[in-house]
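Have the model open beside you as you read along.

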Amino acid sequence: MKSKKPIVLLIMLLIASIFIIGPSDWLGDAGKKMYHSYFADFAIPFGYYFLLILMEDQLELLQNWYVKASAVFILCTTSEILQYFGIYALASVFDPVDILVYALGAGAAALADRKIFTRVFGFWK
């Protein structure tokens, strides 16, 4: 395998599966509350980051991990700020903690991209 597309597709399918399946009973009430409050806030920037990886070859600017992570963070944060002003984009409830979780999601994706995938897949650069 020398293409990033199947791996990105697998990541997106995994995220979608977790959304569909939802939290398990072993998480308990607190875990379920965390899942419903913040899982999407982590998973969406994580997935967006990897979708931008598919566009790296067409847009030279996206070849830098920090540009992808910043773009995703700015997009998600803008959505959250718009919610504060009553303009609903991606969600409808303003929560400042979401901004921190967006940063964690984008950062985790960048970390996986640069530290894990480059070691596991020889073609990943």
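**Entry 1: the whole chain**

I began with the surface: the accessible area of the protein chain comes to about 8,000 Å², and 69% of that belongs to carbon and sulfur atoms. Accessible areas here come from the Shrake-Rupley method with a 1.4 Å probe, and for residues only the protein chains shown count as cover.

A note on ground rules before going on. This is a predicted model, so local features need pLDDT of at least 70 and side-chain atom pairs count only at pLDDT 80 or more, while totals for chains, interfaces and linings use all residues. Residues are numbered from 1 along each chain as its sequence is written, and side-chain values use heavy atoms, with hydrogens and water left out.

Next I looked up the secondary structure and found four helices and zero strands. The order from the N terminus is α-α-α-α. Elements are DSSP runs numbered from the N terminus: helices are H or I with at least four residues, strands are E with at least two.

I put a box along the principal axes, and the C-alpha atoms fill roughly 40 × 35 × 20 Å. Of the 125 residues in the protein chain, 33% are buried; buried means under 20% relative accessible area, exposed means over 50%, and partly exposed lies in between (1.4 Å probe, protein chains only).

Taking contacts between residues at least 6 apart, 62% join residues at least 24 apart.

**Entry 2: charges and salt bridges**

I found 10 positive and 10 negative side chains, with the centres of the two sets 13 Å apart. Lys and Arg count as positive and Asp and Glu as negative, leaving out His and the chain ends. Each charge is placed at NZ of Lys, CZ of Arg, CG of Asp or CD of Glu.

How many salt bridges does the count come to? It comes to three, where a salt bridge is a side-chain nitrogen of Lys or Arg within 4 Å of a carboxyl oxygen of Asp or Glu.

I went to Glu-56 and Lys-4, which form a salt bridge with their closest N and O atoms 3.0 Å apart. Glu-56 lies in the loop between α2 (28–53) and α3 (65–84) and Lys-4 in the segment before α1 (5–21), so this pair ties together parts 52 residues apart in sequence. Glu-56 counts as buried at 8% relative accessibility, and Lys-4 is buried too, at 14%.

Glu-56 also forms a salt bridge with Lys-68, where the closest N and O atoms are 2.6 Å apart. Here the link is between helix α3, which holds Lys-68, and the loop that holds Glu-56, twelve residues apart. Lys-68 is buried, with a relative accessible area of 0%.

I then looked at Asp-113 and Arg-114, whose side chains meet in a salt bridge at 3.7 Å, N to O. Arg-114 counts as partly exposed at 30% relative accessibility. Salt bridges with shared partners join Lys-4, Glu-56 and Lys-68 into one network.

**Entry 3: helix α3**

I checked the length of α3: at 1.5 Å a residue its 20 residues should span 28 Å, and its end C-alpha atoms are 29 Å apart, which agrees. The expected span is 1.5 Å times one less than the number of residues.

Which residues of α3 are buried? I listed Val-67, Lys-68, Ala-69, Val-72, Cys-76, Thr-77, Ser-79, Glu-80 and Gln-83. Their cover includes α2 and α4 (96–120). After α3 comes Gly-86, with a positive phi near 85°.

Asp-113 sits in helix α4 and is buried, with a relative accessible area of 1%. Leaving aside neighbours within four places in sequence, I found Asp-113 in contact with Tyr-49, Phe-50, Ile-53, Trp-65, Lys-68, Thr-118 and Trp-124.

Asp-98 also lies in helix α4. Asp-98 is buried yet has no salt bridge, and the nearest side chain of opposite charge, Lys-33, is 12 Å away. With neighbours within four places set aside, the contacts of Asp-98 are Ser-37, Tyr-38, Asp-41, Glu-80 and Val-93.

**Entry 4: toward the chain end**

Is Gly-122 buried or exposed? Gly-122 counts as exposed, at 78% relative accessibility, and lies in the segment after α4.

How values were computed: Contact means heavy atoms within 4.5 Å.
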